[in-house]
Amino acid sequence: MIEYSKIEIQVDLAAVQHNYRELAKAGTRLIAVVKSDAYGHGLAQVFSALEATGADTFAVGYVHEAHQLRESGCRGRIISLLGPVDSDDMTRLAHGDIIPFIGHFDTLRALADRWPAPEDAGCPGTLDIALKFDTGMSRLGFQRDELPELLDFLRAHPQLRPVMASSHLAASDEPDRDALTAGQQALFFEIVDALRGAGFEVEANLSNSAAIMGHEACRYDTQRAGIALYGGNPFAGTARESLGRNLRPTMAATAPVLHVHTLEKGQGISYGHTYVSDRDRTVAVVGAGYADCYSRGLSNRGFMNAGGVRVPILGRVCMQMTCVDVSALAGQGVDLHVGDRVHLLGGDDPGRVDIHELASWWGTITYEALCVLGMNRRVFLK
Ligand SMILES: *Cc1c(COP(=O)(O)O)cnc(C)c1O
C-alpha cells in the first residue's frame, strides 16, 4: 500500500499505563475498553502495555476485533460489546474464548441453536455470554419487561451461561443530568438483583470512565474504562473537571512543514479566500489535511504548535495541506524551516495542543478526534 500521509502519531504507552493505574485506584477492577483500535492508539500495543500493568479483561466492539486481539496473544478475558453480527462471527465464537454481549432474543436464539445442550454428543460445551440491558440509552439491550421471558429462556438453555450483566449510561459525563444516571443505576440494580435471585451469578458492570470518576453509586463488580485510559477527561469543561486532573495525554501528532512564504497585506489564502490578511504575515504550509483525518472543520478555527508556540490556521484546511500563521515565531526566537515538524496535537509548552481543545475547535469530542487522527502512521513511545 502507498502511504501518502506524512502525519506521525506518537502513542505514549507509559501514559496509558499511568491512566489505567489512576482509574484502578478510583474504580477497583477494570475492564479495559480497547475497541476501534484502542481509540486510535493501536490495539496490539495498547493491550500488551495494559496487560503488563495488570489488566486481565479487555472489551472490543465487533467479534472480529476480539478475534484479532486473541490472535495478538492476549491471554485475558475478551468481551465483544456488539456481539455476533454475521455468520463469520458465529464461527469465531465457536472457540468459546470470547464473551459476546447479547441484548436481543434473536441473537440469543441463534446462539442456542448453534450450541447444543451439554448432554448432546459432540457438544462444544457451554458458551459464556454477557447480558446487555437497556436502562435508558435506547440503543441495544434487553428491556426490563423482557426479564421474565429472558429468565425462562436461560433456564431452558443451560448451554448458554450468563456470566455478566451490563448496561450503558447515557449521560454520566454531564453533572446536570445526574438524575438520569441515578435512574439508570436504580433500574440496573433491580435487574441484577432479579438475575441473582433467579440463581444466575453474574458479574455486574455499569460504569464507563465518567461513572468511574464521578458516580461511586454506579460501581459494581467491574467497571468498563475507555476514554480516560487515553487521557480524555469526560468532565472537561464541567464543574467536575478536576476529577480528571491526574490523567495524562497519550497521543501526539506531528506533520512536516512543506513550504514557508509571505502572505502580503490584502492577500487571501487557500480555497475561497475565507481568510484575507490585514498585514504581511509569514505562512507555513503544513502537510496535513482532511484526507489525513485532520478535519476541515478546523478551518480558520484551529491552532497548531510550532516549537512551543501556538500558531493559528489561516483559511480552509485542504485535502493534504493546511496553512498556519507563523509570524509570531520570529519574536519568540523560533526558526522554522521546510522539513521541520509542527504539532497538530501535543508538543512543548506553552503552545501545547490539548486533545480537549483540539476536539472543541474541531466541533467534536475527544473520542472522535483520537479515533480518527489515530488512523495515521503510529510510532510508540515506551
Ligand atoms: C465504549 C464503551 C465504554 C467505554 O466508555 P468511555 O466513556 O470511553 O469510558 C464502556 N461501555 C460500553 C458498552 C462501550 O461501548
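Colleague: Before we start, what does contact mean here?
Modeller: Contact means heavy atoms within 4.5 Å. And keep in mind that this is a predicted model.

Colleague: Fine. Which residues of α1 meet α3?
Modeller: On the α1 side you have Leu-13, Val-16, Gln-17 and Tyr-20, and they meet Gln-45, Val-46, Ala-49, Leu-50 and Ala-52 in α3. Sorted by type, the residues of that contact are seven nonpolar, two polar and no charged.

Colleague: And how do the axes of the two helices cross?
Modeller: Helix α1 covers residues 13-27 and helix α3 covers residues 43-52; their axes come within 9 Å and cross at roughly 50°. That makes α1 oblique to α3. The crossing is right-handed.

Colleague: Switching topic: how many aromatic pairs are there in the whole structure?
Modeller: A search turns up eight. One of them is Phe-47 with Phe-58, an edge-to-face pair with 5.8 Å centre to centre and 90° between the planes.

Colleague: Where do Phe-47 and Phe-58 lie?
Modeller: Phe-47 is in helix α3 and Phe-58 is in strand β3 (residues 57-62), so the pair ties together parts that are eleven residues apart in sequence.

Colleague: Is Phe-47 buried or exposed? What about Phe-58?
Modeller: Buried means under 20% relative accessible area. Phe-47 has 3% relative accessibility, so it counts as buried. Phe-58, at 0%, counts as buried too.

Colleague: What about the rings of Phe-133 and Phe-142?
Modeller: Their centres are 6.1 Å apart with the planes at 50°, so that pair is tilted. Phe-133 counts as buried at 1% relative accessibility, and Phe-142 counts as buried at 1%.

Conventions
Residues numbered from 1 in each chain as written. Predicted model: local features only at pLDDT ≥ 70, side-chain atom pairs only at ≥ 80, totals over all residues. Heavy atoms only, no water. Axes fitted to C-alpha atoms, helices over the stretch in contact; angles between N-to-C directions. Helix = DSSP H or I, 4+ residues; strand = E, 2+ residues; numbered from the N terminus. Parallel < 35°, antiparallel > 145°, perpendicular 65-115°, else oblique. Left-handed = near helix turned anticlockwise from the far one by under 90°. Nonpolar A, V, L, I, M, F, W, Y, C, P; charged D, E, K, R; others polar. Phe/Tyr/Trp six-rings, centres within 6.5 Å; stacked < 30°, edge-to-face > 60°. Buried < 20%, exposed > 50% of the residue type's maximum accessible area, 1.4 Å probe, protein only.
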